Amino acid sequence: GTSADGKTLYMVTVDGRGISKGATQVELAYLMYEIGCHNAINLDGGGSTAMVGRLPGTDYLSTLNVITENRKVVDILGITSTAPKGSIDELIVSSDRSTIFKNYTAKLTVTGYDEYINPVSVPQDDVKWKVSGVKGTVENGIFKPITDGIATLTATYKGVSNTIEIRVLGDIAEIVTDSREISLAKGQEYKIPITVKDVEGYTAIYNATDLDYITSNDNCSVDENGVITAKKHGSTLVTILAGRTAKGFIKVNITGSYDEDLDDFEKLNATFRGYPSRSEE
């Protein structure tokens with residue numbers, strides 16, 4: 001669709017059969033009118049509905065809508081930008097983790113683009129950081145908080161700034177295993193799936209080596225990475241600890257075949273009798 005003065009072009013994709021129920025022709029007309037179109041045309045629908053584009057700061061195409069199928073079409077409407085690359089206009093700040101526990105780390109990355117959304121290189125060493133909301137530091141792009149709360153991280157490069165928020169959790173308050181009881185064969189290994197939560201129920205990635213593992217007997221062992229190794233037939237209760245308060249439990253039943261010597265046949269402790277007791281002539 002185009003605006004009344006012909007200076008603005010609108011391109012709209014409506015998804016269907018998934019997160020959206022689609023739109024009728026009348027609903028689509030109202031939608032185009034509401035966003036500012038004076039003239040509009042509907043191209044196609046169904047499995048042909050797809051939109052790709054170059055996101056700000058990238059030089060490749062990405063699928064922008066939720067497609068229902070990959071259908072071949074004979075033509076498309078495409079727009080190519082011929083704008084030259086300019087100076088930095090906006091920053092994009094991203095993190096590999098949106099939630100972390102205090103004293104853990106998150107890796108931060110800063111990219112940029114010009115007024116025509118062309119990517120602009122941002123040397124990470126030249127980015128200046130400011131941390132607010134919690135106590136912590138950013139060194140070489142690694143954020144490490146020492147108190148909990150909502151951290152606001154502000155990146156600045158050549159006078160352009162942008163922020164990102166990361167939730168910092170306090171101490172681990174709850175340890176949850178995917179199963180309260182498992183069965184293993186002798187010699188089998190099993191990595192305990194564990195979820196750790198703070199007092200408000202928020203979860204975050206943790207290091208298995210930061211937890212302690214205690215077994216009730218020597219039927220199995222648990223290494224520092226939370227991997228159980230079944231050793232003897234029987235049952236064991238594995239206790240998972242985080243500090244002094246948070247605990248998790250998992251019962252391990254070790255089944256399957258096992259070896260036990262009943263007699264070494266080195267002693268004359270058995271008698272033998274044939275049948276019949278005497279042979280017939």
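In soluble globular proteins, nonpolar side chains tend to be buried together. In this predicted model, the largest nonpolar core has 47 residues, and those with the most contacts inside it are F143, I172, I175, I194, L211, I228 and V238. Strand β11, which covers residues 160-169, supplies the largest share of this core, namely five residues.

When residues up to four places away in sequence are not counted, I228 touches I182, L184, Q188, E189, Y190, I192, C220, S221, V222, V238 and V252.

One of its members, I79, is found in the loop between β2 (62-63) and β3 (90-95). With a relative accessible area of 58%, I79 counts as exposed because the cut-off for that class is over 50%.

## Salt bridges

Side chains of opposite charge can pair when their charged atoms come close. The count for this model comes to three salt bridges. In one of them the side chains of E69 and R71 meet, with 3.2 Å from N to O; E69 is partly exposed at a relative accessible area of 29%, and R71 is also partly exposed, at 42%.

A salt bridge also joins D171 and K102, whose closest N and O atoms are 3.7 Å apart. Because D171 lies in the loop between β11 and β12 (174-177), while K102 lies in the loop between β4 (99-101) and β5 (106-113), this pair ties together parts that are 69 residues apart in sequence. D171 is exposed, with a relative accessible area of 56%, whereas K102 counts as partly exposed at 23%. The remaining salt bridge to describe is that of D218 with K232, in which the closest N and O atoms are 3.1 Å apart. D218 belongs to the loop between β16 (212-215) and β17 (220-222) and K232 to the loop between β18 (227-230) and β19 (234-242), so the pair ties together parts that are 14 residues apart in sequence. Both count as partly exposed, D218 at 48% relative accessibility and K232 at 42%.

## The aromatic pair

A search of the whole structure finds one aromatic pair. The ring centres of F101 and Y104 are 6.2 Å apart and the ring planes stand at 55 degrees, so the pair is tilted. F101 and Y104 are both buried.

## Two buried strand residues

T99 lies in strand β4 and counts as buried, at 19% relative accessibility, because the cut-off for that class is under 20%. Apart from its neighbours within four places in sequence, T99 is in contact with I166, R167, L169, T203 and A204.

V93 has its place in strand β3 and is likewise buried, at 11% relative accessibility. Its contacts, leaving aside neighbours within four places in sequence, are with T109, V110, W129, A155, N162, T163 and I164. V93 and N39, which are 54 residues apart in sequence, are separated by 38 Å in space from C-alpha to C-alpha.

## Backbone angles in two loops

Most residues other than glycine have a negative phi, and most peptide bonds are trans. N103, although not a glycine, has a positive phi near 70 degrees. N103 lies in the loop between β4 and β5, and its relative accessible area of 44% makes it partly exposed.

I117 is also a residue other than glycine with a positive phi, of about 60 degrees. The position of I117 is in the loop between β5 and β6 (119-120), where I117 is partly exposed with a relative accessible area of 28%.

Methods:
Residues numbered from 1 in each chain as written. Predicted model: local features only at pLDDT ≥ 70, side-chain atom pairs only at ≥ 80, totals over all residues. Heavy atoms only, no water. Core = buried A, V, L, I, M, F, W, Y, C linked by side-chain atoms within 4.5 Å. Buried < 20%, exposed > 50% of the residue type's maximum accessible area, 1.4 Å probe, protein only. Helix = DSSP H or I, 4+ residues; strand = E, 2+ residues; numbered from the N terminus. Contact = heavy atoms within 4.5 Å. Phe/Tyr/Trp six-rings, centres within 6.5 Å; stacked < 30°, edge-to-face > 60°. Salt bridge = Lys/Arg side-chain N within 4 Å of Asp/Glu carboxyl O.
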